[in-house]
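Me: I would like to learn how to read a few features of a protein model. Please take them one at a time.

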Amino acid sequence: MTGTTAPSVGASPMPSAHNSDAPTHVELTWVEGRIEYWIRFGRQASERIIDRRRRVVSFRPGAIFAFVRWAANDYGTVISRIDIVRAVELGSAYQTLPFVRPGGEILLKIEGWPKVEKVLQHIDAVEAAEVDPCDVALDHWRHVAHRMSAGQEPRPYTRERHQAWLKRREIQR
C-alpha cells in the first residue's frame, strides 16, 4: 500500500509516455479477497495483460475514468477508495495517483467503504438516467466530491442537467 508497483515479469509494468498523444496507463491488480483494483467506468484505448493477476489499461488524453481500489489483510479492509480522473495530455499539469502513470486531473477522491459505496450508487443512478458516466460534466464529479466530503447528499445528475451541460459545452467551443 505504498503506492509503488510490484516488479513485473520480463517487462516494465507500465509503459512510459513519449509523444503528445501519450495515453494514461493504469495498473490493475486482482487477488481475490486481498487486492482488487478495477475500472468502474471509462473508455479504454488499450489493454495489456502482464500476468493472470495484473493488467495495464490505457486511456487517451481527456478520457474520464473511475479507478476503484480495495485491499484487505487478515484483520479486515486496509483501503477502499474511488478516484474519478481525467487523463491529461503530455506536458499538462497533473496530480499523481498510485498505479496511474503519469497521473491525471483528480475530479473526485473518496476514501472509506461507506462513502465509496455511495459514489458507486451515484454512478449507477447516472447510468439509470441513460447517461454514460464518461460524458458527465466535470463540475458534477467535483460537486459530488465536495458534497460527500461535507457529509451531504450530492444532487442527482439528470438527463435535463446533462442536456444543459452539452449545450454549455457547445457554446464554449
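Me: Is F99 buried or exposed?

Reply: Some ground rules come before that. This is a predicted model, in which local features need pLDDT of at least 70 and side-chain atom pairs count only at pLDDT 80 or more, while totals for chains, interfaces and linings use all residues. Residues are numbered from 1 along each chain as its sequence is written, and side-chain values use heavy atoms, with hydrogens and water left out. Buried means under 20% relative accessible area, exposed over 50%, and partly exposed in between, using a 1.4 Å probe and protein chains only. F99 has a relative accessible area of 12%, so it is buried.

Me: Where is F99 found?

Reply: Helices (H or I, at least four residues) and strands (E, at least two) are DSSP runs, numbered from the N terminus. F99 is in the loop between β7 (95-97) and β8. Its phi is near 70°, a positive value in a residue other than glycine.

Me: Which residues does a cis peptide bond join?

Reply: The bond joins R101 and P102, with omega about 5°. P102 has its place in strand β8 (residues 100-111).

Me: What span should α1 have?

Reply: The expected span of a helix is 1.5 Å times one less than its number of residues. For the 16 residues of α1 that gives 22 Å, and the end C-alpha atoms are 22 Å apart, so the two agree.

Me: Which residues of α1 are buried?

Reply: They are V116, V119, L120, H122, I123 and V126. These cover an arc of only 155° around the axis, which puts them on the same side of α1. The arc is that of the directions from the helix axis to the C-beta atoms. On the other side of α1, P114 and A128 are exposed.

Me: What covers the buried residues of α1?

Reply: The cover includes β2 (35-42), β5 (64-73), β6 (76-87), β8 and α2.

Me: Which residue takes a positive phi just after α1?

Reply: E130 does, at about 60°, although it is not a glycine. E130 lies in the loop between α1 (113-128) and α2 (138-149). Its relative accessibility is 64%, so E130 counts as exposed.

Me: With which residues is H162 in contact, leaving aside its neighbours within four places in sequence?

Reply: Contact means heavy atoms within 4.5 Å. With those neighbours left aside, H162 is in contact with V131, D135, V136 and Y157. H162 lies in helix α3 (residues 159-172). Its relative accessible area is 7%, so H162 is buried.
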